[in-house]
Amino acid sequence: MFPPPPADQAFLTLSPIRFLYFPPPISPPLSNNSFTPSPPPFRSLIKKSFAMGLPDGEVHIATAVDIQSPEFYDSKINNKVLSDDDCGEQKTEQVDSDDSSVNDSSNSDGGSDEIEKREIHVQNEDKSDDEAKGLRKNRDDGEVFHPNPQLPKPEAPLGVVAIKTEGAQKPESSPLIKRSNSSPESAAAAVQIPAIGKFFREKSNSLSAAITKRLSLLADDIDDASEKKKISNITEFHLSGLKVTVKLKNEKEEKEEFKGRITFFSRSNCRDSSAVRSFLRDRKLRYVEINIDVYPTREKELIERTRSSAVPQIFFNEKLFGGLVALNSLRNCGLLDERMKELLCRKCPDDAPAPPVYGFDDPEEETPDEMVAAVRVLRQRLPIQDRLMKMKIVKNCFSASEMVEALIQQFDCGRKKAVEIGKQLARRHFIHHVFGENEFEDGNHFYRFLEHEPFIPRCYNFRGSTNDLEPKSASIISLKLAKIMSAILESYASKDGCNLDYLGISNSEEFRRYVNLMQELQRVDIFTLSVSERLAFFLNLHNAMVIHAVISVGHPGASVIDRKSFNSDFVYVIGGLPYSLTTIVNGVLRNNRRPPYSFTKPFGSSDKRVQLAFPQVNPLIHFGVCNGSKSSPPVRFFTPQGVESELRNAAREFLQNDGIHVDLAKRTVHLTRIFKWFSVDFGQEKEMLKWLIGYLDATKAGLLSHLSSDGGAVHVVYQDYDWSINC
């Protein structure tokens with residue numbers, strides 16, 4: 001048996017083929033003017049040394065990469081190492097073999113191969129132009145080119161024996177590796193196997209140092225966190241790109257955590273209910289609110305439990321606690337916490353008031369419209385098609401004569417009776433004249449169904465088909481609208497109404513019920529509303545549509561084009577006619593006046609919606625409508641009985657906060673841009689300043705009155721408008 005190879009020699013073993021690999025040395029950098037051809041690729045070296053035979057049919061592949069000693073770099077860059085087959089003057093050195101051998105682990109007989117002698121031929125030739133031109137051509141033939149001799153000469157790695165040129169001394173301390181003569185070509189130098197293990201040891205040491213440093217930093221962070229934990233109840237963990245702060249509950253907080261449930265019944269726009277809600281929020285107590293205006297069927301449950309319909313009524317689990325009076329009395333005497341712990345120390349039983357469930361509507365009596373049978377017959381029998389009329393293509397229409405004939409055949413009636421049925425269908429907004437010229441007349445007139453109107457795809461309260469139920473009264477729908485939206489405002493808006501939680505609103509049961517309620521506006525008759533009811537209805541509808549539009553299409557921001565599309569393209573169908581935010585404000589509330597920076601009025605002279613416009617413009621409406629921006633007046637919802645007084649209160653609150661600033665020294669009044677955009681509604685500047693005095697507090701009213709009465713010039717400056725969303 002032969003001794004094992006030295007530790008600094010590296011083998012790549014692929015049984016039954018063994019690779020002996022010598023990595024090339026790292027050459028020092030050259031100057032910009034020097035040229036260093038790359039050494040022959042490893043693949044070519046492997047290919048050139050693939051013919052060394054071993055006993056028992058094995059193949060031993062051994063290749064060596066020439067490593068030169070520092071003295072060897074004294075030769076010029078164009079000197080080259082040639083093989084035995086090259087011609088010319090050559091100098092030959094023989095490398096004597098030691099008695100060591102390589103043990104072949106794959107040979108079962110214990111056979112070994114001796115690395116025989118090899119000859120290294122070094123040919124020194126003078127530098128010539130032909131050789132300089134052939135450098136690149138011969139680089140793939142195994143030739144070695146040397147760097148500029150003026151550069152610093154690297155030291156040879158430890159354990160490596162380099163064969164020098166003539167005149168160089170050969171170290172005797174290191175063993176030599178002899179190359180077999182069976183190789184198709186001889187290399188330039190016989191070398192010892194480099195210490196690849198040393199390379200891996202250095203890399204592992206650097207990796208270990210980095211890991212140790214990182215662990216020490218983590219240990220320091222843990223120590224700091226433990227010190228903070230001793231001082232306070234907050235623990236911080238610092239990770240790469242992440243900071244986690246954990247606040248531990250103290251014993252007092254754990255004791256105060258209730259297992260039960262607090263439930264209270266309320267109504268919209270109720271002061272006592274708002275007081276109870278504020279108290280629970282300030283104490284950060286979890287509660288369930290049941291608004292009987294939103295959930296009318298729960299009022300019966302409230303009467304059964306309390307024998308009264310008065311609100312608020314607070315329940316701790318299934319036990320009735322009382323109303324606002326009981327809450328204030330226990331809070332004043334200091335027994336409220338004890339009473340809450342007593343009643344909420346256990347889990348909520350099943351007989352407690354159940355919280356509202358999302359997605360379930362209250363059972364109501366739904367009466368189909370009496371004309372639905374005729375409508376369904378006409379939808380199936382009438383030939384609905386596009387026609388050319390008045391140089392226009394009218395889509396999805398039918399003629400009045402065709403409709404009369406279909407009604408006569410279906411109901412076996414006379415022509416006069418069929419025309420009367422057609423008029424009833426038009427009054428109930430099932431059909432409309434394509435140009436709005438008449439209600440219904442027999443002859444060569446053309447009509448279309450409501451679902452075929454061209455504005456229907458833009459209506460957000462129309463879901464695929466017309467609401468065929470009996471239309472409810474417009475006053476009832478208006479009252480429900482105010483109650484539901486007031487409940488949303490109380491639950492998802494700040495106290496001043498300036499900031500809304502649009503995400504919470506979109507996921508709420510109240511908003512889902514509002515969307516369903518708006519479908520009942522498709523065929524409602526809003527002409528039956530009184531003046532105050534109509535004012536409250538359109539103010540509330542505008543503010544509700546803004547919230548719906550922000551949730552559905554997003555806030556327009558400061559872009560003029562986006563704001564115009566936001567105000568014009570978000571449409572509801574009400575009473576068979578389309579209403580956008582622009583038509584509600586400028587067409588109905590402002591008596592069909594042109595919007596700011598516009599040349600046309602919302603309604604034409606023959607538009608039926610003109611009949612809904614108010615004969616006189618009330619300037620207070622501008623403080624009751626909200627456009628979803630921060631500089632807009634807060635969101636409000638009004639009642640038909642007190643809409644005028646509520647508008648005056650809205651104007652006072654808005655003007656006293658940020659709507660107006662008086663600078664007496666500079667004789668300047670800073671106003672919101674609402675007064676500039678709608679100056680037609682407020683009058684000239686002097687008239688506008690006198691009008692403002694009646695809605696200001698005593699301080700601002702005195703300053704403004706002094707500026708207006710002393711006869712001097714008063715400068716009016718309009719503030720910048722913040723169009724960002726009010727959330």
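Tutor: Buried means a relative accessible area under 20%, exposed means one over 50%, and partly exposed covers what lies in between, using a 1.4 Å probe and protein chains only. The model is predicted, and local features need pLDDT of at least 70, side-chain atom pairs count only at pLDDT 80 or more, and totals for chains, interfaces and linings use all residues. Residues are numbered from 1 along each chain as its sequence is written, and side-chain values use heavy atoms, with hydrogens and water left out.

Student: Why does Glu646 count as partly exposed?

Tutor: Glu646 has a relative accessibility of 23%, and because this value lies between 20% and 50%, Glu646 is partly exposed. Glu646 is found in helix α19, where a helix is a DSSP run of H or I with at least four residues, a strand is a run of E with at least two, and both are numbered from the N terminus.

Student: What is Glu646 in contact with, leaving aside neighbours within four places in sequence?

Tutor: Glu646 is in contact with Phe637, Phe638 and Thr639, contact being heavy atoms within 4.5 Å. The C-alpha atoms of Glu646 and Leu620, which are 26 residues apart along the chain, are separated by 9.8 Å.

Student: How do you know that the buried residues of α19 line one face of the helix?

Tutor: The buried residues of α19 are Val643, Leu647, Ala650, Ala651, Phe654, Leu655 and Gly659. Seen down the axis of α19, these fall within an arc of 120 degrees, so they line one face of the helix, the arc being that of the directions from the axis to the C-beta atoms. Among the elements that cover the buried residues of α19 are α16, β21 (660–663) and α23 (698–709).

Student: What span would a straight helix of 17 residues have, and what does α19 span?

Tutor: The straight helix would span 24 Å at 1.5 Å a residue, whereas α19 (residues 643–659) spans only 21 Å between its end C-alpha atoms; the expected span is 1.5 Å times one less than the number of residues.

Student: What makes a set of residues a nonpolar core, and which is the largest here?

Tutor: A nonpolar core is a set of buried Ala, Val, Leu, Ile, Met, Phe, Trp, Tyr and Cys residues joined through side-chain atoms within 4.5 Å. The largest has 78 residues, and Tyr514, Ile526 and Leu541 have the most contacts inside it. Helix α16 (residues 531–553) provides the largest share of this core, 12 residues. Apart from it lies another core, of 22 residues, among them Met371, Ala406, Ile431 and Tyr447. Not counting residues up to four places away in sequence, Leu541 touches Leu481, Met518, Leu521, Tyr572, Ile574 and Ile584.

Student: Why is Met391 counted as exposed, and where does Met391 lie?

Tutor: The relative accessibility of Met391 is 80%, and because this is over 50%, Met391 is exposed. Met391 lies in the loop between β15 (385–389) and β16 (392–399), and has a positive phi of about 60 degrees although it is not a glycine.

Student: Why is Asn396 partly exposed, and what is its phi?

Tutor: Asn396 has a relative accessible area of 32%, so it falls between the limits of 20% and 50% and is partly exposed. Asn396 lies in strand β16, and its phi is near 55 degrees, a positive value in a residue other than glycine.
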